[in-house]
Amino acid sequence: MLELLSAWTVGRAGAQVTTEQPASILVFPKVIVDDASDTVIQISTASPLTARVWCFYVDAVSAGAGTSPGLLVTDFALWLSKQQPVSWVVSAGRPAVGPGPVPSITGPFRGELLCVETGAEGTPLGGHHLTGIVTLKHRQNEDIAKYSAIGFLGTDFAGETGLSLPLGGSGSDRQYDGCPAEWRLDHLADGAEDPQIGPGSSVRTHLTIVPCSHDLITFVPARVTVVFEVTNEFEEVFFASMPVEGWFDGPLSSVSDVFSASRLGTLAAQTRMRPALGDPGFLVVGQEFHQSGGPAVLEASAAVNAHGQGTRDEPDFILLP
Amino acid sequence: MVMTGQSGRQVIGVVFAVVAAAAGGRAHGQASDQAAAIVIYPYVVVDSARGIDTTIQFSNAASERAITARCALLDANGHCAADGRVCRHAEDCPGGDPCVPGWLGTDFRVRLTSGQPLAWRASRGLPPDEVPLDGVTRVGPRGESNFYTVVPPIPEDPFAGMLFCYAIDDDAYAPIERNDLKGEATIEQYQQEPPRLDVAKYNAVGFQAIPGRNNGDESLVLGGEEAEYTGCRNVDLINHFFDGAVEPVSGTRNVFTTLVLIPCDQDLILYLRTGKTPVQFLVYDEYGSRYTRYAMLGPYLASPLSDIDPRLFDYSVVGSLSVQTRIRGLDSGLIALVIEQHVDPTDPTRVASAAVNVHGQGNRVRADVIGYRRAICGDGVVDPPERCDDGNTVAGDCCSATCQPEPAGQPCADDANACTDDRCDGRGACVHAPYEPLPEGCGCCQFESLAEAPNGCVGDLDGDGVVNSAEVEICQRFKQLGYRSSCDADLSGSIDPFEIAMVRDNYTYGCPAGATVCTGPADSSVCGPLTANRSVPLEACDRTSPAAAAAGCPALRATYTPTPSTTPMATPSASETSTLGPTATATPTGVAPNCCTAGNTPGCSDPGCQLCVCGKDGLCCVERWGERCVGIARQECAAACRCWQCAGDCDGDDVVTIAELVRSVRAALDPDRIGDCWAADRNDDGTVTINELVAAVDRALSGCGAS
């Protein structure tokens, strides 16, 4: 625990990921396709020139069932003309016209989408031209939730090491911005009563966590232990930790009961998340589910990007095939 | 020397590192994914009729020190010019009335302790007694509190507007360069009938302070050469679908996008609305086509894209699903937010929404400025971090010389009311609460109806615990002129016969034990509000009705029976002599006069008439049968009372004297004095005419004859 607590030294202030600027690498941490849900991907380029985008569906869950731990990866490439937008439903894909084919993912799929801006020959570029939006759609109740893809801005040095992409680091020849040293997310206590609906209702927050490092050559999922520091409205602080291998998506209460309304004791909470010392960085997206209770239960959700703080001293790596 | 290849890249890398180090990292401009010194919630909406509310989450990203923020809630509602109802367009106003744009600000202050999150609903705000660390009953582990935090609710419902907060220094009353604020907003719609639940969430937009740049004046400069904070974006990028397109997953909904746009330039001093600003829209569809539109947009826009231009953003016109729109403010920078809505075409009230912060590109070269008002103690305006401002910088008046509340309980200015204790309330005001216990002579009514109260004493006007004849007469006399709270037991605004009976009851038998009576002004503001709350109004209570008690009427201690005044209920003592009303002519005691004759004893000889008259004026059966009683008898007891048959015979003794002629003339000159001589009004029309005066003189000369 002391090692974990000592991780709370703020990383070097500097460039870090963005969810609001065109970037060179986009990560869509939460992509879900199953009987109940589907995902819509929107990508566009802010470049006045043609941009090539090399994308990878990374299924981190299916691969692990009953087999050696590993990733299932499906890749494809798109060509986007000047400021062109493109969108597709993950389960349907896109035909081989226009920007290019996108394979359909028939499901079940629980994983992420990773896209890298490259040159015509496939060498990664630091062009920082890509923006991405995800819409998570529930088929039955038509609920939708949207979040922005997490972007890594590239520098002029991007691609110098070929298909091994270092994210962050302290060198002057950094190729891409790094993962944040810390994430912050404001949320409501898990299982708390919805402040607007009242008795019988509940609010739960799901976290999706993916390691920044991706090995798309050997398909070995990265492992990171995430350390949580939760502060409630009374300024009381609670701690928890959880290992993540490849990908995680679940309610906060499955991480630890410190997130529960009964433990926190207040409605609002602020959670800081950091990797344990020596572990790779990670990316986070939250999705808040509201349930009405009563005889006819209604449910709706909203996704939100977390706040990043600081940058890691050590780089993370994306290894492209 | 030309540097090429590896050496060139090394030099470039060194330069980059130097620049990056000097800047403290990349200047990202506005951002919603990092803590900042200024946070803006562009879209705060409440509509209780449709079950819509916004939950604001606001937290301190610094885990080691508290932070104070000054906030402004800006109401962007338009209002119809004639009736002031909320409107968005002129079409919302009746009769072609214009919809006048509004821009009204409400200032408040929030203090967050180390690492603390707060949350509140916009419709309710966060009152001081609901802050988690109020500084009185609870403080944080470091001794910090949310003291001074008061979040007001939205000023009107429905409400649409924005929330603006920036970090300030508690002592210097000025912005500080601390990038520790972060916020989120959740817009939720919940209705039970029809069943609806929809949630959308976004991050507040942040502007980071640039260290060492704030010059302490009354403006926050965003971007530009004199930047104190990171600037607004040059271009906002939104990825969306064309309005009206079929949602691609289920194919059962149509997609619409609501765009929220506000200018970066803001006036938080006078809350002057900035004028319309030119905005450029560049729209790129997925086929590579580009469309351009310029629009003049007002200072607050929250509108479907297709309302901005019904052709440009309409799927049926363009035919493309995906679109990238680039938005640029040509005058002021812009802050944007997008809400995507999937609408059921068969039931447009069924909507699924999702909000998302927009992307941006580049920073504006020109600065945007947010003007704010520095707190000035003594200007009469409470500007955070002031907690009071009584218009002076004098201490000892409950608001200190530095505009902080003086301790609760401290004595303050006397309101010249002996029943109230004048003390500071601890929030900057001098309050005048009734003493506890109340001193003698003071009253305090806390119950809803005197008649309901177990210790109510109806009629005890001076609160001395006794109802005397003067008080009875006052209640009687003023019953038609207005009410005195102690006479009007059910606070109906009039004193009815049953209440007079209650007054007489207390006069005869004394007030109930422990009775207290309100002695404040007619509105009883000293004692607190009184309200009528009876299932059976006292006007319906008839003491002679056997069903009265069963109907819920208060029981009197004596059952009144209309008996002649040979058994008067009370005889006035010398100390209780009433000075009100005309002087009655004395009649022999012990003999009940006829109902048309005034006397000094209560009651009259005709029981039926006596009943009628006393029902209207109880004093007639309590104190004496005066002229007033005779006048009522003339009206109520026509068969029993023939006292007006001799014109001018004011006292009914069958003789018209000179004095009675004078009274008749006085009544003729002043109709309000008709009671001086009812007998002069031969035709009961309330006036004495010349003819009636002549008739009176005639009787004076020739006599009345047999009555």
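In which loop of chain A is A:His128 found? In this predicted model, A:His128 is found in the loop between strand 6 (109-118) and strand 7 (130-138) of chain A. Its phi is near 35 degrees, a positive value in a residue other than glycine, and at 32% relative accessibility A:His128 counts as partly exposed, because that value falls between the limits of 20% and 50%. A second residue of chain A, A:Gln83, likewise has a positive phi, of about 50 degrees, although A:Gln83 is not a glycine. A:Gln83 lies in the loop between strand 4 (72-80) and strand 5 (85-89) of chain A, and with a relative accessibility of 6% this residue counts as buried. As background to these two cases, most residues other than glycine have a negative phi, and most peptide bonds are trans.

Of the 321 residues of chain A, 67% count as buried, and residues 24 or more positions apart account for 73% of the contacts in chain A with a separation of 6 or more. Chain B, for its part, comprises nine helices and 27 strands. Of the 707 residues of chain B, 51% count as buried, and among the chain B contacts with a separation of 6 or more, 65% are between residues 24 or more positions apart.

Two peptide bonds in chain B call for separate description. The bond from B:Asp157 to B:Pro158 is cis, with omega near 10 degrees, and B:Pro158 is found in the loop between strand 8 (117-121) and strand 9 (159-168) of chain B. A cis peptide bond also joins B:Glu193 and B:Pro194, where omega is about -5 degrees; B:Pro194 lies in the loop between strand 10 (181-191) and strand 11 (196-203) of chain B.

Another loop of chain B, between strand 3 (67-75) and strand 4 (78-80), contains B:Ala76. With a relative accessible area of 16%, B:Ala76 is buried, because this value is under 20%. When residues up to four places away in sequence are not counted, B:Ala76 touches B:Gly102, B:Trp103, B:Ala160, B:Gly161 and B:Tyr300. B:Ala76 and B:Leu104, which are 28 residues apart in sequence, have C-alpha atoms 6.9 Å apart in space.

The space left open by the protein atoms was also examined. The largest pocket holds about 1600 Å³ of space, and of the 49 residues that line this pocket, the closest to its centre are B:Tyr43, B:Arg88, B:Ala302, B:Ser303 and B:Pro304. By residue class, the lining of the largest pocket divides into 29 nonpolar, eleven polar and nine charged residues.

Helix 8 and helix 9 of chain B were considered together, since the buried residues of helix 9 pack against helix 8 (658-669) of chain B. Within helix 8 of chain B, the residues B:Glu660, B:Leu661, B:Arg663, B:Ser664 and B:Ala667 are buried. These residues cover an arc of only 160 degrees around the axis, and therefore lie on the same side of helix 8 of chain B, whereas B:Ile658 and B:Leu669, on the other side of this helix, are exposed. In general terms, an α-helix has 3.6 residues a turn, so residues three or four places apart point the same way.

Helix 9 of chain B (residues 690-702) contains 13 residues, which at 1.5 Å a residue should span 18 Å, and its end C-alpha atoms are 18 Å apart, in agreement with that expectation. The buried residues of helix 9 of chain B are B:Glu692, B:Leu693 and B:Ala696. Seen down the axis of helix 9 of chain B, these buried residues fall within an arc of 105 degrees, so they line one face of the helix. On the other side of helix 9 of chain B, the residues B:Ile690, B:Asn691, B:Val694, B:Leu701 and B:Ser702 are exposed. Just after helix 9 of chain B, B:Gly703 takes a positive phi of about 90 degrees.

Terms used
Residues are numbered from 1 along each chain as its sequence is written. Chains are lettered from A and ligands numbered from 1 in the order in which they are written. This is a predicted model: local features need pLDDT of at least 70, side-chain atom pairs count only at pLDDT 80 or more; totals for chains, interfaces and linings use all residues. Side-chain values use heavy atoms; hydrogens and water are left out. Helices (H or I, at least four residues) and strands (E, at least two) are DSSP runs, numbered from the N terminus. The expected span of a helix is 1.5 Å times one less than its number of residues. Buried means under 20% relative accessible area, exposed over 50%, partly exposed in between (1.4 Å probe, protein chains only). The arc is that of the directions from the helix axis to the C-beta atoms. Contact means heavy atoms within 4.5 Å. On a 1 Å grid over the protein atoms alone, a cavity is a set of points where a 1.4 Å probe fits but cannot get out, and a pocket is an open set with protein on both sides within 12 Å along at least five of seven lines; lining residues have an atom within 4 Å of a point. Grid points are joined across faces, edges and corners, and a volume is the space filled by probe spheres set on the points. Ala, Val, Leu, Ile, Met, Phe, Trp, Tyr, Cys and Pro count as nonpolar, Asp, Glu, Lys and Arg as charged, and the others, Gly among them, as polar.
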